[in-house]
Structure formats: structure tokens, C-alpha cells
Amino acid sequence: MTGDAPDVRHPLLVMRGIEKTYPGVRALRGVDLQLRAGEVLALVGENGAGKSTLIKILGGALRFDAGSIEIGGRPVHFRGPLAAQQAGISIIYQEFNLVPALTARENIFLGREPRRFSWLPIAQERRRSRELFQRIGVAIDPETPCRDLTVAEQQVVEIAKALSQQARVVVMDEPSAALSPRETEHLFAVIRELKSQGIGVIYISHRLSEVFEIADRVMVLRDGAHVGMRPIGELSRDRIIEMMVGRTLDTEFPKQAARIGPPRLVVNDLRRGRAVRGVSFEVRRGEVVTLTGLVGAGRTETARLIFGADRRDGGTIALDGRTLRLSSPRDAIAAGICLLTEDRKSQGLVLSRSVQENFSLPNMNRFAPWGLLRARRECAALESFVNPLQIKLTGRKQAAATLSGGNQQKIVLAKWLARDAEVVIFDEPTRGIDVGAKYEIYLLINRLAAQGKAVLMISSELPEVLGMGDRILVMHDGRITGEIADVAGATQEQIMELAVR
Amino acid sequence: MKRLLSEYGSVLVLLALCAYYSAVTVGPYHPVSPGAGRKLARTILDDCGAGAQVLIAIRKTAGDRRFAEAIRQELETHGGNVVQTVEGSAAEVRQALETIAQSGARLQAVATHHPGSEWGPLREQRLAEWGQRFPGLQGLRVYKPRSYPWPSFFTRQNLLNVVNQNAAVAIIAIGMTMVIITAGIDLSVGSLLALSAVLTAVSIQTWGGGAGAGTPAILACCLLGVGVCGLCGAFSGVMVTYFRVPAFIVTLSLMMLARGLAFIIAVRYQSWLAGGTTEGTPEAVRVEAPSFVTLGNGSLVGIPNPVWLMVLLYILAHVVMTRTSLGRYIYAVGGNAEAARLSGVPVFGVLILVYALCGVLTGLSGIVDASRFSGGRPSAGNMYELQVIAAVVVGGTSLAGGEGRIFGTLIGALIIAVIQNGLNMAGVTSYEQMVVFGLLILLAVLLDQLKKHTWRRRG
């Protein structure tokens, strides 16, 4: 069905017709996957397409409803993660499973200490870890506590752990998400090393450029179904995006300039400690201002000050010519400012509560005028966002924690859109979400601008900063170091120049 | 099915407990109800014919009087005749029988209940003697309603008692549920209950007018007790929010503070009563005002007042938690305080209000307690905080915050009450009961963890 030429090599791993249904959602609909020894298979798809579910099934963390798994031609049944590990499958999740206080060596051999009471074979373990690191081609002292290692090094420890368990299949879930470009290069070197040793690697990533660099074949999932599995040479970037979203995207950034009016949000000499040191700018009616800079430049801190989330040392904030007295987010919301935080899990949502409750939280003045909730009103308001934003829910009462990342982001969006605020601040709105959802968020920003709102978007992705802003602000070390009004003529280099000054 | 079990598991546990205790406490039951009385009257009429001459013998209680009245009505509507109704005990019945016999009147039947049939003059062999001595009493028979096996646990009286005795704990548990949902804890409730009881009692005795206190004065004094507890709660809330002191520590210190104050006030009052010459003793501050005492001991349509108050407050709290913005805010603050704040929830305000509400409800329980015991006891509510927390936890509220239900807490409180009652009936000592409750709490938390575990596995 995928048009692959029959391969002489025996597939290392075969998953056939995997089906998985959660209450109300068909997460996987008969997915097939083949992995050969010594190849890198990139697994791509939008958030909620079923990648995580498939990987959890492979790792023995989830049961599946139908289908089969074969390793080296022999059918296997995993009763739990341990069984999968013993069968040679190692999964490196985004959140590492390392104990920070233990050393690299101790983490590698964790759980495999000798059963009977005896001295630990420390010397032997140390020798083995050195061998492993050597095999991967990295120099890490096995006796360093993991908390002192960089994220990239911790990843290497995870890989070493996988190798020490005689892994034949290594799955990496978004391994480059927290790495710098140089570290990513190094990771690729490690992956190539694994390949040469006949290990099959499944690589999950949203970054298509990486996929083109490292993958031999690409498998695309959409809505829990298998869309295609092709050698990388047969695919283009646009073609993959098309397969992922199921339609063609004209451009990556659908920027539509709205009519820009007088200033709405005016921030003057905003200050807080060392993080924000005298920030002044304005956002006009119908304008999208993108705020960028390196991590730690004070962008998020500035947004939080405007939103009243932190106490400011000085400075004024005015909306439509009126100076605002903000001492809490509640004040800011009432004044017509809303902030979509960067970290939706810890700041955007109350995960244990239902979608409906999360949606209604900032809108109580509408849904509970005298403190008494109008169930029909709040239900109707949520319904009016479910279809336009394409939020996939099993019901209003579904706990927010059970939604996929993209859908969680959409719930956060919906609850703020329902406020109909005048100033909308987005903090990294597209981080960690897939191409299709990104596109939808861009369209939404356009719509807000067209309605005459003032939009401030914080982003680290320079193409996005250039593609979506009417004006660009660059921050460095708590100050605004540059403003670019001529976005069309601006370059990424120009922005970086300002960001490191 | 699985969902049903996890949602209503505690209800099933409660029902199972009731069923178990019912099965264990089955014994002969001797009805003394109006219904039993009517049935008894018909039996007498069947045996003795329409002109039956009957004596009714009962004890001096309200229930017995209703029983006697039912017999009389039923007999008279069908042509029977009640010669006399005797209230009291064996001596009164003997006297009545002698008077009737000496007057030469004829008597065919004595209608009474099981306790009455045990009285000397109505025993089998004595009846024969009566017949020999007086011709009018020949063939005299004693009738009583038929006894049948029935669980002594599952009687209206016992069940009402169980609930009534635990109403104070259940009322405080409402406030505690809210506090725990915000991921907090309040250890001061037991002591605040005592403070409220003592303050109310002392103020009624000193300013309210003592035994002759009028209703408005009593209301004002109750308001004082409740208000002080509310302020104490608000104080805890302020410390927890603005001063970032852990709730455990604030309420622990308030627990000792309030208990100490309750004793100090009680002792000073006793000393003042004695004219200031002695040091005073930490005994209850007696309140004689009848309207205050009926608050906690009276009943309405057969259901004790504290139970009414409890039910009313539970309904109110359920509405608040499910149908108001305050309820939503409480859950949100407990689930993720930062996300709630960034969504415009006045987190500090909500927290202070929740602690204050817990204080107010505790104050109300203090008044219920003082009224039931006709006085403010400075030692009242000892260890209540643990009972209350146990009820909340058994009711399924997570100590981690963000989850829990008012209805669940009611079931939790009832489960604990029923177990306690059952253990009392079985003669288990109070320290052995502590072991049982310790295990119960452990089990409840364990079940909660298991439930969460399966939920995470599915998600």
C-alpha cells in the first residue's frame, strides 16, 4: 500500500493493523509500521495524530485493541514496559527517566543491580559505561551526577542506557526539542553511529528540516490513520506538510495586513528588577507586533507586567489613552487585556478540571452574573468555539488533562477569545504544536487584527517573527534593543544582530 | 459499571455497612406504634366480641400515649369499651384492677405492650389468681402486639440518633471539604467549636439574661460565637495567603490558641460565678434558657433540629460548589492556583473566604453542641479535626486539592457515623475504635490512589 520496493533484508520490527480506541476517540485505526535494521524512520504527524499512542503501545505502556507486533519475525505480546525492554525496544521520552541525584553510571544500571545482597560491581559498571559512551562517541565521565549534565548529555545517558539493555529498536520522542543547533548536530552523529551498528531508530519530530537530514524513510500519521510511508528521497517538504494536514497550504505565513489605527496599548518605562529595565513601546489598533529576543531577554517578564501577574517596580500602562491601575491579572482582564501564557500545562489550564470549567474561568462575569452559573449560557459559548477551532472533545466534561497538546492549546485560545479582549498577548503560541495548528493560529491572529484588536506576539522562531509581524521589537537583557518597522526588508541576521547586542 | 463504582462506590459501602449491621443486630422487636395498637384492638374484638371490656396499661411516655389512643379509637369505633387507661407501672395497674374488680364491673382484656406484659400483676399465673378472687375478672387475658425479629440498628430511632450525634462533625466537614479542595487543611476546627460553644454560653449567661434570655438576645449571642469563629478562619486565610505560612502550621497554632482561650474563658466564668474567691474549674458553662436548649434538642416532624440544619447546609453547599462562580473558583484554585490567578480568579480572596466559611460552619456546630448539652463545654470537639478530615477523605476528596464533592463528604461522614454506632452496639471500646478508624482512613486514601492510577493508565 505504501509503494515500497520489497526489501531483501528482513524487517526488524513490524506493527500490523494496530487499533486503539479511547472512550469516545479512535486514536489509531489500523496503523502499519515497518522498521528495518540500521535505518532511521521518521514518524511525523500533527498533534493528536496518534504518534504518542503508537509509541506507548510499542513500549508496552499501553494495550492495543487489535493488530500484532513482530520483532525479528517473531510475534510478541508485551504485558508491560519491562517486557518491551527485554524484547529490545527502548523508548526515550521527552521527559527523561533519569534520577538527577544519581550519577550517569548509576542511572544506566538502575534497576539491574544484583538481586542478592552483595557489593555492587562498581568497577565493572564503570568499565561498561565507558565502553558505551565510547561506542556512541561521547566523552562523559560516568561518575558525574545527572543533574550536572546538560540536557544533551542526559540524552546521551538515556541512549547509553538503551544500548546497555541490548536495544535493537530505539525510539526518540522529539529528541531535539530542548537542544541547541550544535547539540542537535551531535545527536545526529550519535544516531548515525547507532545506524551503523544495525539498530533501528524511530525518530519523532515536528522539525521537518531535521527529518530531511537524518531520516531514511518517513511515515506520516493523520487522525490515527496511516497516510504513507516513503523513502525520504521521494518526498519534499511541502509534500510532507500536505500529507500531515491533508490539504495544501499556500504559504507558511498567511499574513494579512489589517488597517492600522491609533495606538491602543501604550507601555512606558516598565521596570522590574534585573529582568525588565525600562521597556517602552506601543501597539496600535489592528497591528500585530512581534516581540523577540533570546531566552532570558525579559520578553515573558514584560508580558507578565502588562498583565498584572507580577508587581512592577515602575512604569505605566495605558489602554486607549487611559492609564490603567493594574495590581492583578483580574484587573488586567477586566480592563481588556489577556495573556496566553507560554506554558499551558502549568499556567494555562487547570488540568484536573473539565474543559468547560477551564473555558468558563475567565468569563464568569458573563456566565454567572450574580454568582449563579447559567449552565446553558456557558455551554452554548463553548459550543460556539468547538467547531471553528476544530477542537476534538469527547464532551464538555472531559478533563483537560486527557486532551492532546494541540487541543489543550485550543481550549486556552477559546477561553480568551470568549473574553473578546482589546489587547491580546500571545507568548510563544506555536511552540510545540504542529504545522496545521500553527496555520490556524496565524489565521486567528489575522482575524483579531482585522477586528481592530492590538496583538502582541512573543516568539523565538524568527521566520514566524518576520512572517506575522507588522512591526518587530527585539529585546536583550531587559531592554528593547531595536525596532524594525520595515518588516518586508528585514532579515533573520538583522534580528539576531539586535538580539545579542 | 466501572465509572458507576468509582462515582458511587462510597454510597455502596455505606449501604453495605447498613446491611451488615442490620443483619448482625437482628433480635426480637416489640412494636409500640399506633399501627400495632390498631391491630391489637382488632385481635381483642375478634376474641371477645363487640362488647369487649378492655383496660389499657401503658408507660408515661408520648409514644405509649399514641399507642393507647390508637387502641381506644379502634375499639370504640367497633363497639368495644375501654374501661380505663392506666399510665405508669405495675403498682398503678394493680390498683386499677382492684378498683375495677371491687366495683363489680366485668373486664375481659388488658391491652398493653411487651414491657407492660412483664409487669407483675399482668403475668400469666397472677391472672388466674385475679380470676379466683374476683368473678368479674374471670377469663381475663393480656393482649400485646406480636413481637417479630427486626434489626435493632435499622430502627427509625437508632438511625436518627446516629445522624443526630454526628451532625456537628458533618457540618464542619462541609467547610473542611472546601478547604481541602483548595489543597489546604484546617486543624483548628475542634478547638474553634469549643470556643464558639463557650463564648455563646458565657454571653447568654452574662449579657443575654441567663435562664430568662429572650430569643433576640440568644440569637445575638449565637451570632457572636459564630462571628468569632468566622474571624478566626479569616485570620488563618490571611496568614496562608498574604504571609505564605503553610496552612498546617497556622491552623495548628490556632488549634492550641482557641482551645486555651475556651478553657480560660470557662474557668474565669466559673470563678466569677463563685464571686471571684476561688480559681474556677474547667467545667461546662451551663445555660438554662429553654429556647436555647430546644435549638439542639427539639425536633420538627419527628426529625431532630441538628439533622435539619445539617441537611439544609449540605444542600446549600452543594449548590455553591456546583452552580456558582465561587464553587468553580474553589476547584480552580485547588487544581492549579497559578493558572487560576492568570485566568482572573481572585485567589487570595477565595482562600480567605473558604477558611472563613469553614470557621463559620464550625461556629454553628459549636452552638449545636452547646445547645444539645445545655452548656458550653471547653473540652467539646476534642479530636474533631481528625474525625472531620477522615469524613472528607473517606468521602473521596483528594488531599492534593482540586477534586472532591460535598455529597461525597456527607456519605463519608455517614460511613464513619455508622461504623462508630455499629462498634458501640457491638461493645467495642473507644481505643479499639481508634484502630479501626485509622485503618479506615488508610483504606480510603489507598482506594483514592488506586483510582487515580487507573485513570492515568487509561489517559
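Colleague: Before we start, how are residues, chains and ligands numbered or lettered?
Modeller: Residues count from 1 along each chain as its sequence is written, while chains are lettered from A and ligands numbered from 1 in the order in which they are written. The model is predicted, and local features need pLDDT of at least 70, side-chain atom pairs count only at pLDDT 80 or more, and totals for chains, interfaces and linings use all residues.

Colleague: Start with chain B. How many helices and strands?
Modeller: Chain B has 19 helices and ten strands. Helices (H or I, at least four residues) and strands (E, at least two) are DSSP runs, numbered from the N terminus.

Colleague: How much of chain B is buried?
Modeller: Buried residues are 45% of the 459 in chain B. A residue is buried if 20 or more other C-beta atoms lie within 10 Å of its own, exposed if 12 or fewer, and partly exposed in between, with C-beta atoms placed from the backbone.

Colleague: Which domains does chain B have?
Modeller: The assignment gives domain 1 (34-146) and domain 2 (157-458) of chain B. Their centres, taken over C-alpha atoms, are separated by 50 Å. Domain bounds come from an automatic or database domain assignment.

Colleague: And chain A?
Modeller: Chain A is assigned domain 1 (1-88 + 168-183 + 203-248), domain 2 (91-167) and domain 3 (263-499). The C-alpha centres of domain 1 and domain 3 of chain A lie 34 Å apart.

Colleague: How many residues of domain 1 and domain 3 of chain A are in contact?
Modeller: Ten residues of domain 1 of chain A contact eleven residues of domain 3 of chain A. Contact is C-beta atoms, placed from the backbone, within 7 Å. On the domain 1 side, helix α8 (residues 237-245) of chain A gives the most, with three residues.

Colleague: How many bridges join β14 to β15 in chain A?
Modeller: Two bridges join β14 (residues 314-319) of chain A to β15(A), and A:L319 stands opposite A:R322 in β15(A).

Colleague: New topic. How many residues does each chain give to the contact between A and B?
Modeller: Chain A gives 25 residues and chain B gives 21 residues. On the chain A side, the elements giving two or more residues are α10 (329-335), α11 (344-348) and α12 (355-360) of chain A.

Colleague: Last one: where is A:A490?
Modeller: A:A490 is in the loop between β20 (479-484) and α18 (492-499) of chain A. A:A490 counts as partly exposed because 16 other C-beta atoms lie within 10 Å. Beyond its neighbours within four places in sequence, A:A490 is in contact with A:L466, A:I472, A:I484 and A:I495.

Key. Pairing = 2+ DSSP bridges. Contact = placed C-beta atoms within 7 Å.
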